[in-house]
Each structure stands twice: as C-alpha cells, then as structure tokens.
Amino acid sequence: MNTTIPGGDANSAAPPSAHPAPPPPSGPVPFPREFALRRLGDMLRIRRLEEKSAELYGAGKIRGFLHLYIGEEAVAAGAMAALRPEDNIVATYREHGHALLRGVAMDGIMAEMFGKREGCSRGRGGSMHLFDAATRFFGGNAIVAGGLPLATGLALAARLQREPRVTACFFGEGAVAEGAFHEAMNLAALWHLPVLFCCENNLYAMGTALERSQAQIDLCAKAASYPVDARSADGMDVVAVHEAVLSAAEAVRAGRGPVFLELRTYRFRAHSMFDAELYRDKAEVEAWKARGPIHTYTARLKAQGLLNEEQFLAIDRRAEDEVAHAVAFAEAGQWEPVDDLLKDVTAAPALVQGAVR
Ligand SMILES: Cc1ncc(C[n+]2csc(CCOP(=O)(O)OP(=O)(O)O)c2C)c(N)n1
Ligand SMILES: [Mg+2]
C-alpha cells in the first residue's frame, strides 16, 4: 500500500519550498516627518529588543520558548499606529513587538522573559504570554489559533456593552488551517462582530510551507467564503500596513462587520530558538532580507530628505539605550518566592467548597 502523503512531509528529503521575495516597496512615504520617524523608531525598538533577547537566550538568562519577530516588524509598527487606545489587541506567541508598540513597557517585557516578578505577567508567563490589561493587550497566546475565539468573544462583549472598540487579532497563516479559525470567522460574520483579523502570512508554520499544508493557499478566498470582507497588503512595508489597517479598522468601527486582512511578510530567523531551517533555501532568506522592512523604509526616508545618517543613528541609539535599561531592570528583578508558586493556579479552597455545596 502506498502511504505517501501528497504534498510530502516537511521533515522529509523533499526539496525546500521556494517563495521568491517580491520587489521592494517604492514611492514616497506619505507620512508627516515626525510620524514617519516614529515608525522607524518603532521597528528599531523591536529589532534591538529581539536581538538582545536572542543573546540573552544563549546566555541562559531567558529560558523556555522564544519566537522572534525579526523581519516582520513593519506589521506591528504599521498596525499599532493605526489602532486606538480603546481597541483590544490579541496576539500569538510571536508577540514581543505587538506588546511593545501597544505601550507595554520594555522593562516589563524583558523582566517577563527573565521570569521575574516585575514582569508584565508577574513572571508567570514568559515570552509567549505577555499580558497587560491596562493597555488592553490580551496576550500572548501559545496555542495556534487560540487567540481567534478570544478576540471574537472580546468583540461580542464590546457589542453587548455598546463600546465602540475594534478588537484586532494577530495570528499566523498556520492558524488558518485550524478549526478555531473557522469557528471564529463564522460567528464573527454571522453576528457582524467588530473584529479585525490580521493574518501575518510569513509563508511557513514551523517547518511547513503554506502550500504543503493547505489546499487553498489564497487566504483571502478562504476568509471571503464566510463571507468576510477580505483584503491583502504588503506586510514588509510599514506604509502599506498602516494604510491597510487604518482603512480596515475604519470599516469595522463603522459597524460593517469583521475584516480579514492578510499581511504578507517573512521571518528572517528560525521559527523559535531551535530550528535547523531545512525547509527553505538560504538564498530565499537572503533575498527577503535584502528587502527588509527597516532598511527599505530607511532608504525611502533618506531619498525624500526626511532622514540623514546621523538622525538614523540617534534613533537607533535611543532604542539600544531602552534595551540596556530593560536588561538592567530585569537583572535587578526578584524571583517569586517558592511559597507563592501555587498562588492563582487553582481557585481558593473556600470557593471550590462553596461551588460544591
Ligand atoms: C494547536 C497547536 N498546534 C500546534 C502547535 C505547535 N506550533 C507552535 S507554532 C506552530 C506554527 C504556527 O505557524 P503560524 O501560524 O504560521 O505562525 P508563525 O509561527 O509563522 O508566526 C505550531 C504548529 C501549537 N502551539 N498549537
Ligand atoms: Mg507562519
């Protein structure tokens, strides 16, 4: 009997999948200068935070899982600047950048990755479970597609409470193959809920290329079948992301129901800290790096006379200083006392007894 699975096994000796990089974004940056430079600063803050995190992981200061967003910064930078403080954010385990640009302090993010009490989730969550109710950043979810039903529920709550919030939910293209995606999409469409589904399509789910695991690789076609307003934008271009999220969020806010927005992007590093990267060619990665979101944007700003090298270095130095401060903060943080380890893990005994009675 032939047991070969059509499409192959991502770990087999099959040749790596090919995903050529599209042409780099061009044309003038339409932002006012200060706003334009802030978006550059945002991307650099994520990049420098994560480069340092990788180093600290190697040094054993950060443990557990660590998924880097390096290469994908234009998505969080464009999107967060297009959303409002009253909006809800839900993200995945690759969420350092979303949390940071949402306004979670870098100190609290770094301390969380160290597992210290001063972390934004009190050291209980680590890299994959950043959380901050004050900025309406509702995680950090380790389960693929796990954020989608949460976002749909938050949107339902906003509707029932008559609060004019958009719930923006970020997830990878791997989530589109999960049942939770389809359940969330169906209910959001059926109930016309104010959710903005932001699919960060970086073409791979761990070591599996999109076309090896999904029969329909046109993700907008899938979402549109619910039916949901489905759109696509260049996720390597902070300008395109900002415009796309602004317009999609406006539609959701106006009560026109959910929007599915595919942001085409690429991760430059391994899936997490352990990944031999046998599923893609080095040349492919290099081609995407050559149109990296930070340097193509920097080149455009310079060509327009909005930025010079000295100003670039000053913005970058500010990001580096913020990272150095965050590391010192995390180092100086406290470990949770062993006696507190079971606190908040289960309901208090009195409550449990009360429920039984
Ligand atoms: C329900 C579930 N299945 C499997 C995993 C293991 N897993 C962690 S990340 C990942 C890949 C997800 O890829 P994608 O959604 O494209 O996001 P990306 O990592 O590319 O940002 C998988 C399969 C998981 N965390 N949850
Ligand atoms: Mg992916």
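This report describes strands, a helix and a ligand shell in a predicted model.

Local features need pLDDT of at least 70, side-chain atom pairs count only at pLDDT 80 or more, and totals for chains, interfaces and linings use all residues. Residues are numbered from 1 along each chain as its sequence is written, while chains are lettered from A and ligands numbered from 1 in the order in which they are written.

**The strands**

Helices (H or I, at least four residues) and strands (E, at least two) are DSSP runs, numbered from the N terminus. Two strands pair if DSSP finds at least two bridges between them.

| Strands | Sense | Bridges | One facing pair |
|---|---|---|---|
| E1 (residues 88–90) and E2 | parallel | three | Asn88 and Thr167 |
| E2 and E3 (residues 195–201) | parallel | six | Cys169 and Phe197 |
| E3 and E7 (residues 259–264) | parallel | six | Leu196 and Val259 |

From E2 the chain passes through helix H6 (residues 179–190) to E3, a right-handed β-α-β crossover. Right-handed means that, with the strands pointing away from the viewer, the path from the first strand over the helix to the second runs clockwise.

A residue is buried if 20 or more other C-beta atoms, placed from the backbone, lie within 10 Å of its own; it is exposed if 12 or fewer do, and partly exposed in between. Strand E2 (residues 167–172) has six of six residues buried, so it is largely enclosed by the rest of the structure. In a regular strand the side chains alternate between the two faces of the sheet. On one side of E2, Thr167, Cys169 and Phe171 are buried; on the other, Ala168, Phe170 and Gly172 are too. E3 is also mostly covered, with seven of its seven residues buried.

**The ligand**

A residue is near a molecule if its C-beta atom, placed from the backbone, lies within 6 Å of it. Ligand 1 has 14 residues around it, and Val144, Gly172, Gly174, Ala205 and Met206 come nearest.

**Helix H1**

Helix H1 (residues 33–58) has 26 residues. From first C-alpha to last it reaches 38 Å, close to the 38 Å expected at 1.5 Å a residue. That expected span is 1.5 Å times one less than the number of residues. After H1 comes Gly60, with a positive phi near 80 degrees.

Arg48 sits in H1. It counts as buried because it has 21 C-beta neighbours inside 10 Å. Leaving aside neighbours within four places in sequence, Arg48 is in contact (C-beta atoms, placed from the backbone, within 7 Å) with Ala319, Glu320 and Val323. The C-alpha atoms of Arg48 and Ala319 are separated by 6.6 Å, yet the two residues are 271 residues apart along the chain.

Conventions:
Two residues are in contact if their C-beta atoms, placed from the backbone, lie within 7 Å.
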